[in-house]
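I opened this model to look up its charged contacts and its surface patches. My notes follow in the order in which I made them.

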Amino acid sequence: MELYLDSLRNVSMLTEHESVVNQQKLIELIEHLSSTQNWEFCSSFLVENLERCDSVTALNSFQNSAAFFVCCRSIELFIKVPYVLLFSFIFVLRTASRPLTLAEVPKVSAFITRWIRAFISCCSGHATSQIIKKKVAQFTCLSIIRYYPQHWPTAFDEILAIFSNFSGKLCLFVMNKTDRPITPPLSKSHPNLASLLSVFLEILKELDSFVLNRDAQLTSEEVSRANSIKDSMRVTCLPAIIHTMTQFMRNLDASEHADCELISSCLQILGLYASWIDVSLIVNIECFSILRTLVCCPTPSLLTGVCQLLKGLVCKGMAPFPDKLSLIIGIWSESLEPMMSVPFIARAIANAPFPHPSKDDEISEVTELIEDFSTLFGSIGYNLVEAYRTLVSSNVCGGPNTVDTSIFSRSPSVSSQALHSALDQCLEKLEMVFDVSISLLAHPDSNVSQGVLPFIGDYLGLLKTGAISDQSGKLSKSPTTNVQADGEKKILLELSEPRQFKLDRLLQVLLDKLKYPTDASAEEMEDFEEDRQEFLGIVRIVARIQGALVLKTIQTTLQNFLTRLPAVGAKDFRDDNLAHLDACLYLFFSLGEFLKVRLVLFKILASAPRNDHFSQAYVHGEKMSEIMTSICDSSISSIDYFPVQLNFFEIIGRYDKFFNTHPKLLLNVLAVRDSMMRPNHAGFHAGRGCADQIFKLRRILEFRHSQQQPTAVWFVDFAAAFDSIHRESLWRRNALDCLPLKIIAMINAYYSSTTALVLVHSNLSQPFGLAFDKFVSCRPFCSTTLSTGF
């Protein structure tokens with residue numbers, strides 16, 4: 001067996017060697033080695049070969065070998081056989097259960113310890129193999145899931161002991177809370193210790209994915225097992241684990257790249273564990289004193305870790321008041337305010353362009369930071385909304401505060417005795433978060449916008465529908481409480497002038513987000529259509545709060561464009577300006593679904609006639625008529641930009657009842673339509689209707705008959721003979737009708753680069769390409785040709 005594994009040691013899994021090993025032989029070998037007697041041989045083979053790797057080349061060769069694959073799979077199957085269903089997403093070879101024996105626990109424990117030591121000692125502590133590190137973490141996690149806490153209660157103690165034993169007295173200073181720091185940077189002065197910390201963090205990350213699976217629905221057995229592990233960890237080892245990570249963060253050098261990555265990983269792990277551990281393990285003087293020094297660092301990856309930690313704390317389940325509110329107000333001054341002054345985040349909030357980074361990695365790190373910051377602010381906003389509702393809906397406050405607010409430099413005055421002060425602070429922070437969220441919504445990256453979009457909807461749900469409040473510029477301390485039909489109380493804020501200004505700013509951002517991209521791929525278009533529907537959902541909420549504000553935004557944008565149109569000329573406008581006009585027209589078209597038309601007769605609320613948005617009894621009828629008049633009486637439809645033309649005719653079709661009271665404007669629309677048709681277009685032209693065609697044909701035939709001349713009539717249906725539809729407009733219309741973009745892409749590919757041939761008396765012409773430069777009617781038309789040459 002040893003000789004056979006040694007032969008596999010020289011076989012790479014990256015290339016095919018069917019003459020040496022094939023898939024069936026590997027499967028049979030894994031079946032044999034994963035038995036109770038042979039897994040120890042595999043574990044010894046792995047450790048011994050890893051210990052012999054003295055260079056990066058040797059390490060890469062070993063991790064890519066068939067022997068490494070076979071041994072890892074065999075040990076993996078041996079460890080997880082009783083819980084094989086917990087990892088159904090990993091390919092397994094068998095599902096038979098095996099009884100657990102107490103003799104195997106110390107053997108597995110010894111193997112885990114030896115393998116960790118071998119990895120961190122490999123290449124003098126400079127091993128960079130992510131594959132082996134993940135395998136070490138995976139096997140350790142599998143062993144904990146199987147044996148901990150009943151059969152292996154000292155699992156975490158043994159892993160933590162490696163820190164103390166590996167570097168001797170140096171690590172004892174870290175573990176015993178002495179003030180003597182590790183000589184920075186750790187990655188250079190003590191690479192073995194840095195490698196050990198990296199492995200330990202990977203183990204904790206793997207374990208969290210099991211005890212709190214965020215992507216899959218766990219079974220009752222899996223939930224019970226996960227709860228048992230969490231309960232035992234809370235009592236026995238979590239304080240020591242958190243303290244170890246905290247001491248390392250205190251002694252690592254944030255200016256060194258490798259150390260900075262370790263600090264960021266520590267913060268991310270703390271953010272993951274914050275959802276199910278005691279909050280006092282993180283919200284304490286020791287941890288927040290470290291955060292105070294990290295939030296001002298200009299390193300994107302480090303600030304990303306801070307965002308993930310704060311998000312874990314903010315999203316932790318606790319009472320909205322006073323616990324969650326006091327936590328948010330505390331971290332606001334401690335962490336959020338300094339972070340918002342960091343150049344990367346400050347530029348994003350101010351919607352200022354970023355300086356051109358020198359590397360693609362820097363772009364990725366900055367984008368990830370802004371995305372995490374946006375998600376953090378969205379979570380803070382949601383929890384502030386919940387705290388505000390809790391404060392206003394009941395005069396009975398929550399229980400005692402479980403968050404130690406004394407650790408903050410400016411302790412928040414949030415308590416059950418200071419109810420009015422808590423309400424003022426909550427509302428103040430709520431308005432500030434909404435301001436920042438509007439700026440983040442305007443960010444060009446869609447993931448950044450999506451981070452705050454749910455909170456914006458929650459905030460708008462607090463605003464009262466109706467006219468502007470008389471409380472100009474003042475925060476409402478006495479919000480309106482409405483009782484809904486189901487008896488539930490709904491808290492509403494007055495629509496003061498400052499809030500109206502924010503809504504106007506929000507609508508400008510949403511209008512920019514609705515712009516149709518002209519150079520996006522099929523996948524990007526699919527994401528855009530999904531995002532666009534969510535943006536329209538926010539506009540729908542604003543329209544219910546203050547429909548006149550939405551109409552005012554549309555009218556202002558339209559008037560600004562029409563004012564510049566005569567001076568600049570339609571052909572001289574940039575595509576960005578035309579896309580903005582297209583978004584404005586699209587929003588006006590969609591507004592017909594948002595605004596509910598109502599009539600008030602004898603103080604009874606009744607529905608108005610369908611689509612009658614221009615009725616005098618409709619509150620927005622006059623403003624709708626003004627916008628329609630501007631659209632129909634302008635030269636918008638003559639702009640050679642197909643999205644604008646398409647939305648123009650969509651608006652005409654949706655608001656057709658407007659022409660009942662403005663018939664003269666309909667003539668303008670028809671004239672525009674006629675000007676966009678080809679001269680040889682027979683139907684749907686003034687003077688070219690069906691009756692006109694029949695009359696002309698009849699007169700021609702009568703004349704020919706009176707002259708006794710032979711006559712033949714040739715009818716050609718050009719719509720059937722040639723594809724005369726403007727295809728780009730057709731694809732866009734299909735996208736608006738929610739046709740899957742994959743189907744649109746397939747049809748587009750079928751019609752791209754189309755060529756045609758003409759068949760005359762069994763003779764084919766030369767192929768010629770089909771190009772369509774005019775926006776034409778999609779309805780079929782006929783042309784009549786008379787032939788007299790018999």
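I looked up E702 and found it partly exposed at 36% relative accessibility (buried is under 20% relative accessible area, exposed over 50%, partly exposed in between, with a 1.4 Å probe and protein chains only). The side chain of E702 meets that of R699 in a salt bridge, 3.8 Å from N to O (a side-chain nitrogen of Lys or Arg within 4 Å of a carboxyl oxygen of Asp or Glu). Because E702 and R699 lie three residues apart in helix 29 (residues 690-706), about one helical turn separates them; helices are DSSP runs of H or I, at least four residues, numbered from the N terminus.

I noted that this is a predicted model, in which local features need pLDDT of at least 70 and side-chain atom pairs pLDDT 80 or more, while totals for chains, interfaces and linings use all residues. Residues are numbered from 1 along each chain as its sequence is written, and side-chain values use heavy atoms, with hydrogens and water left out.

I then searched the whole structure, which gave 16 salt bridges. One of them joins D231 to R234, with the closest N and O atoms 2.7 Å apart, and these two residues are again three apart, in helix 12 (residues 220-236).

I also checked E334 and R292, whose side chains form a salt bridge at 2.5 Å, N to O. This pair links distant parts of the chain, helix 17 (residues 320-340) and helix 15 (residues 285-294), 42 residues apart. E334 is buried at 4% relative accessible area, whereas R292 is partly exposed at 31%.

Last, I recorded a salt-bridge network linking E431, D435, R499, K502 and R505.
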